[in-house]
Amino acid sequence: MEDLDFYKTLIHRYLSGIASRSEAALFFRLLESGELDPLIADQLRDDLNRELATIRRRNKQRIRWQVGVAASILLGVTSMWFFVRHNEAPKAEPTNLVSITKEVALGRIDSVLLSDGTKVWLNAGSKIEYPKQFDGKERKVKISGEAFFDVAHNTKVPFVIATEQKRVKVYGTSFNVKSYKDEKFTVAVKTGKVGVKDVNDEKEWLLTRNDLIIYSEKSKARVLKNQNLETVLAWKQGDIVFDGNSLADVLPAIQRKYNIKIKLSRPDIGKLQMIGRYKNTSLSTLLEAMKFSLNIGYEKKGELILISMPDR
């Protein structure tokens, strides 16, 4: 009997619009299970009988009009119940559990603004996963590929970037994270302080302005101090930079930017070096510059470019 009275009170409070959030959640759970169906039907009949009894006590000349009013009221309540019962309100998820994924195609650069004001630039072939609204002890995102972060300052809630193998922790700074598969993992700090550690190791590397850390499968982490980061951050402007590093090191960036595949006819071609910065240059112009500087040849085959050494 107590449950019956409780259910009736719950139905009344919800249909009257005065139910609390927890009461509304309970109402929908019971409604979904079907436990409230007989009670709602009984309440609708009781409401109709009360309306008719009231009408009979009033001026008989107004009966037809008032019956219409009662029917309209009852129809509204019935319609509300039918809509709720058969369409069922969606269960709201906490905003910090609502995840958003953004992927950037090859040949493009994009950006995203996070809920805390952090701005993220994404390089070609990159992906970021982040909550619709940060909530909790940390602001955590996941990335693959390469991204530059300008993190909104909040010393109480650290910003954490998770990659497949590394974890980067900051409080308010700007830095670049590169985490492409089969490439060296790097973090370059433009401003502020960043902590980097392996997911399987408690040791944390602390980086400050103009520091660069490089991980590779063959060697342990290397921290380079007071670096000129223009080369590292050139991708944000759509530039390709050769700063004396090998052609093999630059080829992945070229392939991502122009959405092409490049094949070397001989492995030693990848050891060639050149210097130059190419700002939003077309692919054909870049290839001609490489041909002149490195004394190489190239051949286009659809989306594949074959680079070779001329016969001597």
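Tutor: Happy to. A salt bridge here is a side-chain nitrogen of Lys or Arg within 4 Å of a carboxyl oxygen of Asp or Glu. This is a predicted model, in which local features need pLDDT of at least 70 and side-chain atom pairs count only at pLDDT 80 or more, while totals for chains, interfaces and linings use all residues. Residues are numbered from 1 along each chain as its sequence is written, and side-chain values use heavy atoms, with hydrogens and water left out.

There are eleven salt bridges in the structure. Let's begin with Glu-230 and Arg-277, whose closest N and O atoms are 3.6 Å apart. Helices (H or I, at least four residues) and strands (E, at least two) are DSSP runs, numbered from the N terminus. Arg-277 has a relative accessible area of 32%, so it counts as partly exposed. On this scale, buried means under 20% relative accessible area, exposed over 50%, and partly exposed in between (1.4 Å probe, protein chains only).

Next come Lys-166 and Asp-198, which form a salt bridge at 3.4 Å, N to O. This pair also links distant parts of the chain, with Lys-166 in strand 7 (residues 166-170) and Asp-198 in strand 10 (residues 194-198), 32 residues apart. The two partners fall into separate classes: Lys-166 is buried, with a relative accessible area of 5%, whereas Asp-198 is partly exposed at 24%.

Arg-266 and Asp-268 make a salt bridge at 2.7 Å, N to O. Both are partly exposed, Arg-266 at 38% and Asp-268 at 34%. Salt bridges that share partners also join Glu-230, Asp-239, Arg-277 and Lys-279 into one network.

The buried residues of helix 6 are Leu-247, Val-250, Leu-251, Ile-254, Arg-256 and Tyr-258. Helix 6 (residues 247-258) has twelve residues and spans 16 Å from its first C-alpha to its last, close to the 16 Å expected. The expected span is 1.5 Å times one less than the number of residues in the helix. After helix 6 comes Asn-259, with a positive phi near 55°.

Strand 15 takes us on to a sheet. This open sheet has three strands in the order 15-18-17, with mixed pairing; two strands pair if DSSP finds at least two bridges between them. Strand 15 (261-264) and strand 17 (297-301) are the edge strands, each with a single partner strand, so one side of each has no neighbour in the sheet. Direction ignored, neighbouring strands of this sheet are turned by 20° against each other on average. Five bridges pair strand 17 with strand 18 (residues 304-308) in the antiparallel sense, and Gly-297 has Ser-308 of strand 18 as its bridge partner. Helix 7 (residues 283-294) packs on the sheet, touching strand 17 and strand 18, and its direction makes about 150° with that of strand 17. For such angles, axes are lines fitted to C-alpha atoms, for helices over the stretch in contact (heavy atoms within 4.5 Å). The angles run from 0 to 180 degrees between N-to-C directions.

Finally, here is the chain as a whole. It has seven helices and 18 strands, and 35% of its 312 residues count as buried. Among contacts between residues at least 6 apart in sequence, 45% join residues at least 24 apart.
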